[in-house]
Amino acid sequence: MKNRSINILKTSTSALLLAGITSAPGAIQAATEAEYEQRLEDLEQRLSNVEQSAPLSSSSTRGLGKQKQVTGNAFNPAISVIIDGVYADYKNDPEDYALSGYALGGEAGLAPQGFSLGHSELVFSSNIDDKFYGRFTLAIVEHEGELEIELEEAFFETLALGHGFTVRGGRFYSGLGYLNQQHEHQWDFYDAPLIYRGLFGNQYLDDGIRASFVAPTDLFFEIGAEAFTGNKYPAGGEHDGLDSLVGFVNLGGDIGASHSWQTGVSYWQADNIAREYGGHAHDHAGEEETPHFEGDSTTVGLNAVYKWAPHGNYRDQNFKLQFEYFKRDDEGNIELEGSDPLEESSLDGSQDGWYLQGIWQFTRGWRVGARYDAVDSDNRGSDTDVLDEAGLLSNGHKPERVSLMTEWVPSEFSRIRLQYNKDDSYQESDEQLFLQYTFSIGAHGAHSF
Amino acid sequence: MVHIHSDIKRGLCLLLLSLSVLTPGTSQADDTLSVFACEPEWAALAKQLGGDRVDVYSATTAKQDPHHVQARPSLIAKARRADLLVCSGAELEIGWLPLLLRKAGNSKIVSQGGQFFAADYVDKLEVPQELDRRHGDVHAAGNPHVHTSPVNILIIAEQLSERLAAIDSENAAHYRSAFSSFDARWGEAMKRWQARLSVLNGTRVITHHRYWSYLNEWLGIELVATLEPVPGVSPSSSYLAGLIKTVEREDPAFIMYVDYVSDRPAEWLSERTGLQAIPLPASVDFQGGGTLIQWFDALADGLEAAVSKERNNAGG
């Protein structure tokens, strides 16, 4: 019995070794078949020495791993579906939401009172071949009873340029901020920081190209440049070139085994844009007027992230501190579309804000967090009434918000979150409560730092 | 804000040009082969085989769970400069390695020749018959902790020395002779461990995770239960309570767990059943200068102590 199992082991090991050699492309080139034969014999000899000295398990399952099925879907991309929903409770009417000094657009609005489906996503990703990686993300959302499918990401990325270079092309989230590159379901709070909501309509994505370079240094040093069409909010309008340009630099490293950090600066310039705000102003007669900005816009960003995990084990305990600051300057004209006669004003706008948040995972599966948000603005123009109607005057109110959250994360694939906001985005202070679930089905997504 | 519109555009275009001019000077700083190991056991093995011809970095320590690592900036910077990637494979690093490779922009370790996955060269245990996340963090390719068997180490060592020789052909003879001497020393050490641990043949144990499956197979140790209900999931108190019955029925000798996980489940069960809970080092203390032989010696010490204590308990 024992002899038989030794023979089985020997045969399967020889077969395995052969398989190993044939699948090791680097090793093939040098050696001839005869050399392999010799090596096989050597190894078999060694193994039989080992066998004589080592007892064997009676219930050997060796060989099981060899049975591989080759099917057509073995090369399917990694597919994952994000199922997301929220129960929201507000003190104020969420329809009345405004952010003083900011005209809102993009996806800046609040979820409706009560239960609603959030941002469901369908993600396909895969290495395309040995040169390219690709990702395709559909977001499925419901806006006022209408089901909308948005193409959130559709990009390719080079794998093999080498020398630290990577080029990405297609539709993707800009690298202009730390949070901007994360999918909504990766955020540590239910909602975007106020400054992201105010400047980017939650997040900036566009169609274009990115080139980035990682320096060959021990300190992580990454520099990147992006050129987008400028068609997407908060840029906008018709562009036949690449009118939205982003540059960023990121640095990062470790301090011992338990601490890591990353910090970055970014600069964004979008020229000749036509920014269509989504918010509605109402004139005295109740006619709907949509603010519209035409001109040039520049944004600077600053971010810093620090993480702690004992011995680098994030599983049981970890702490994360995150800070971002943005400042945007707009230069151009603002007009209220739908007004008759057309109301317009010049705009010399300046808006800035920051947030600081800390997340503490105190035991496996449980996290608590706190966030503070503050934004400010100084928008000037030829006609302050127009600016006021557009929502660009803060009238002395400085928006701020305090958020507290706790979440239960039973596995990497599921999360239930409870979040409380004391929100002073506009004059009337609001209290908000969110109970959110986020589930991910399918492939094991890797999340960035 | 100062207005520098057109300068910015020009600047961004120039940026790439200047970078491409910069890089050739900064890469190829020296001719030592740079090895990026995902786990310390492979770092130790690469160092053993490469000696001063290689510069080895380990992405994790023996105190870190290699399933759950973040693609941190420091790791990206290291992967950027590597000539060879040496990892366990079998999806152990699936949560972070693919992202690291995409971020690092290093074509050398994206090509097949620059990637060495140890699990590709040995037969895997516990290949799941059914893939379902109800079964926890299962690996479709089978158990990835292949380094816990000395037999596997030997097979992988030869393959790795051949790979090093293929990538760095100038030093091929060095890698092959390093393997020969490793082979001899390892063979001796295996006889030693076997002599010390042969008493374990047929012993029944409880482990925390299916981390020691290859070691257990080599030693003829039988697994009766794991502290985790399914891989990667912490035990609930009701599940642990159920394990007390398993202990009564199956009569295991002791509980084995890797020392980077919480000792609470093991200690809880230990208190209630009188079984010893044995923390074992998960891998080589590479960062502290440890070697594979030292690590297996430590494992042998831990297991031997557990056996003799269990014998004494049973006798007294």
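Student: Which residues of helix 8 of chain B meet helix 9 of chain B in this predicted model?
Tutor: The model is a predicted one. On the side of helix 9 of chain B, the contact involves Pro265(B), Trp268(B), Leu269(B), Arg272(B) and Thr273(B). By class, the contact has seven nonpolar, one polar and one charged residues. From helix 8 of chain B, the residues are Leu240(B), Leu243(B), Ile244(B) and Val247(B).

Student: Why is helix 8 of chain B called oblique to helix 9 of chain B?
Tutor: Two packed helices are described by the angle between their axes and the distance between the axes. Here the axes come within 10 Å, and the crossing is at roughly 50°. An angle between 35 and 65 degrees counts as oblique, and therefore helix 8 of chain B is oblique to helix 9 of chain B. The angle that decides the matter is roughly 50°.

Student: How many Å does helix 8 of chain B reach from its first C-alpha to its last?
Tutor: Helix 8 of chain B covers residues 237–250, which is 14 residues. At 1.5 Å a residue, the expected span is 20 Å, and the computed reach is close to that. The reach is 20 Å.

Student: Which residue just after helix 8 of chain B takes a positive phi?
Tutor: Most residues other than glycine have a negative phi. Just after helix 8 of chain B, one residue takes a phi of about 50°. That residue is Asp251(B).

Student: Where in chain A does His163(A) lie?
Tutor: His163(A) also deserves attention for its backbone: its phi is near 55°, a positive value in a residue other than glycine. It lies in the loop between strand 5 (146–158) and strand 6 (165–173) of chain A.

Student: Which residue does a cis peptide bond join to Pro341(A)?
Tutor: Most peptide bonds are trans. Pro341(A) is in the loop between strand 13 (318–337) and strand 14 (343–363) of chain A. The cis bond has an omega of about 0°, and the residue joined to Pro341(A) is Asp340(A).

Student: What is omega for the peptide bond from Tyr233(A) to Pro234(A)?
Tutor: Pro234(A) is found in the loop between strand 8 (220–228) and strand 9 (244–255) of chain A. The bond from Tyr233(A) to Pro234(A) is cis, with omega near 5°.

Student: Is the crossing of helix 2 of chain B and helix 5 of chain B left-handed or right-handed?
Tutor: The axes of helix 2 (residues 40–50) and helix 5 (residues 150–167) of chain B come within 10 Å and cross at roughly 60°. The two helices are therefore oblique to each other. Their crossing is right-handed.

Student: How many residues in the contact of helix 2 of chain B with helix 5 of chain B are polar?
Tutor: Leu45(B), Ala46(B), Leu49(B) and Gly50(B) in helix 2 of chain B meet Ala157(B), Leu160(B), Ser161(B) and Leu164(B) in helix 5 of chain B. The contact has six nonpolar residues and no charged ones. The number of polar residues is two.

Student: Which helix of chain B gives the most to the side of domain 1 that touches domain 2?
Tutor: The domain assignment of chain B gives domain 1 (30–129 + 136–192) and domain 2 (198–315). The contact takes 31 residues from domain 1 of chain B and 25 residues from domain 2 of chain B. Helix 2, helix 5 and helix 6 (172–197) of chain B each supply at least two residues of the domain 1 side. With six residues, the one that gives the most is helix 2 of chain B.

Notes:
Residues numbered from 1 in each chain as written. Chains lettered and ligands numbered in written order. Predicted model: local features only at pLDDT ≥ 70, side-chain atom pairs only at ≥ 80, totals over all residues. Axes fitted to C-alpha atoms, helices over the stretch in contact; angles between N-to-C directions. Helix = DSSP H or I, 4+ residues; strand = E, 2+ residues; numbered from the N terminus. Parallel < 35°, antiparallel > 145°, perpendicular 65-115°, else oblique. Left-handed = near helix turned anticlockwise from the far one by under 90°. Contact = placed C-beta atoms within 7 Å. Nonpolar A, V, L, I, M, F, W, Y, C, P; charged D, E, K, R; others polar. Domains from an automatic or database assignment. Expected span 1.5 Å × (residues − 1).
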